[in-house]
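Dear colleague,

Please find below the structure that I am handing over to you. My notes on what was found in it follow directly after.

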Amino acid sequence: LAIGQYMYRCRVRNEAGSVVSNRATVNVYGPPMLINHPIGSDVSMGRSTTLTCRASGLGTLVYSWERRSSGSSWTTVSNDNTTSYTTDTSLAIGQYMYRCRVRNEAGSVVSNSATVNVYGRPSIKTHPMSHLITVGMSVTLNCEGTGGRLI
């Protein structure tokens with residue numbers, strides 16, 4: 001049977017008549033199908049971002065969220081059974097991968113991973129130097145910053 005809901009009845013007949021049973025329902029489940037995958041983002045240290053994942057399917061859909069940082073394996077960070085996950089504000093500077101896992105009675109599916117980059121506050125590495133110039137001259141001032149993706 002294909003995925004869906006099917007209804008059946010039994011009919012019994014003889015010379016004296018016929019009777020029909022109560023209806024029986026057969027639900028054929030398949031694993032969930034992902035509709036939306038989480039999308040990564042950049043955040044500054046001490047801030048959070050919210051990731052969203054949505055799936056469809058029959059039966060009870062159960063959501064969990066997993067995280068992996070560089071060189072580590074996937075670990076569950078939320079079993080709250082929600083379609084959204086808000087990252088922890090105490091994450092250190094670095095790159096983190098998140099994915100959601102959705103399961104039902106027939107199986108499970110894992111979303112694409114979403115990258116969350118956590119950056120520190122910018123700082124000045126090299127300050128501009130003061131110059132004394134005469135009218136009509138040009139000067140070049142240099143400044144170098146650090147701290148994530150500078151704009």
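**Findings**

At a relative accessibility of 48%, Val12 counts as partly exposed. Val12 belongs to strand 2, which covers residues 11–14. Apart from its neighbours within four places in sequence, Val12 is in contact with Gly17, Ser18 and Val19. The C-alpha atoms of Val12 and Glu66 are separated by 54 Å, and these two residues are 54 residues apart along the chain. Please bear in mind throughout that this is a predicted model.

**The chain as a whole**

The protein chain contains 16 strands and zero helices. Its radius of gyration is 29 Å, whereas the globule rule gives 15 Å for 151 residues; the value is well over that figure, so the chain is more spread out than a compact globule. The C-alpha trace spans about 120 × 35 × 20 Å along its principal axes.

Of the 151 residues in the protein chain, 21% are buried. The accessible surface of the chain amounts to about 10,600 Å², and carbon and sulfur atoms account for 50% of that surface. As for contacts between residues at least 6 apart in sequence, 51% join residues that are at least 24 apart.

On the matter of charge, the chain carries 14 positive and 7 negative side chains. The centres of these two sets lie 4 Å apart.

**Salt bridges**

Side chains of opposite charge can pair when their charged atoms come close. How many salt bridges does the structure hold? There are three salt bridges in the structure, and I describe each of them below.

The side chains of Arg99 and Glu66 meet in a salt bridge, with a distance of 2.5 Å from N to O. This pair links distant parts of the chain, since Arg99 is in strand 12 (residues 94–104) and Glu66 is in strand 9 (residues 62–69), 33 residues apart. Are these two partners buried or exposed? Arg99 has a relative accessible area of 17% and is therefore buried. Glu66 has a relative accessible area of 7%, so Glu66 is buried as well.

Arg101 also forms a salt bridge with Glu66, and here the closest N and O atoms are 3.0 Å apart. Arg101 lies in strand 12 and Glu66 in strand 9, so this pair ties together parts that are 35 residues apart in sequence. With a relative accessible area of 27%, Arg101 is partly exposed. Taken together, Glu66, Arg99 and Arg101 are linked in a network of salt bridges.

The remaining salt bridge joins the side chains of Glu144 and Lys125, at 3.8 Å from N to O. Glu144 lies in strand 16 (residues 144–146) and Lys125 in strand 15 (residues 123–126), so the pair ties together parts that are 19 residues apart in sequence. Glu144 is partly exposed, at a relative accessible area of 37%, while Lys125 is exposed, at 57%.

**Two loop residues**

Where is Pro128 placed? Pro128 sits in the loop between strand 15 and strand 16. Its relative accessible area is 43%, so Pro128 counts as partly exposed. Not counting residues up to four places away in sequence, Pro128 touches Leu141, Asn142 and Cys143. The C-alpha atoms of Pro128 and Ser56 are separated by 56 Å, and the two residues are 72 residues apart along the chain.

Asn81 is placed in the loop between strand 10 (75–78) and strand 11 (84–86). Most residues other than glycine have a negative phi. Asn81, although it is not a glycine, has a positive phi of about 55°. At 38% relative accessibility, Asn81 counts as partly exposed.

**In brief**

The predicted model shows a chain of 16 strands and zero helices that is more spread out than a compact globule. Among its three salt bridges are those that link Glu66, Arg99 and Arg101 in a network.

With kind regards

Notes. Residues are numbered from 1 along each chain as its sequence is written. This is a predicted model: local features need pLDDT of at least 70, side-chain atom pairs count only at pLDDT 80 or more; totals for chains, interfaces and linings use all residues. Side-chain values use heavy atoms; hydrogens and water are left out. Helices (H or I, at least four residues) and strands (E, at least two) are DSSP runs, numbered from the N terminus. The radius of gyration is taken over C-alpha atoms; the globule rule is 2.2 Å times the number of residues to the power 0.38. Buried means under 20% relative accessible area, exposed over 50%, partly exposed in between (1.4 Å probe, protein chains only). Contact means heavy atoms within 4.5 Å. Accessible areas come from the Shrake-Rupley method with a 1.4 Å probe; for residues, only the protein chains shown count as cover. Lys and Arg count as positive and Asp and Glu as negative; His and the chain ends are not counted. The place of a charge is taken as NZ of Lys, CZ of Arg, CG of Asp or CD of Glu. A salt bridge is a side-chain nitrogen of Lys or Arg within 4 Å of a carboxyl oxygen of Asp or Glu.
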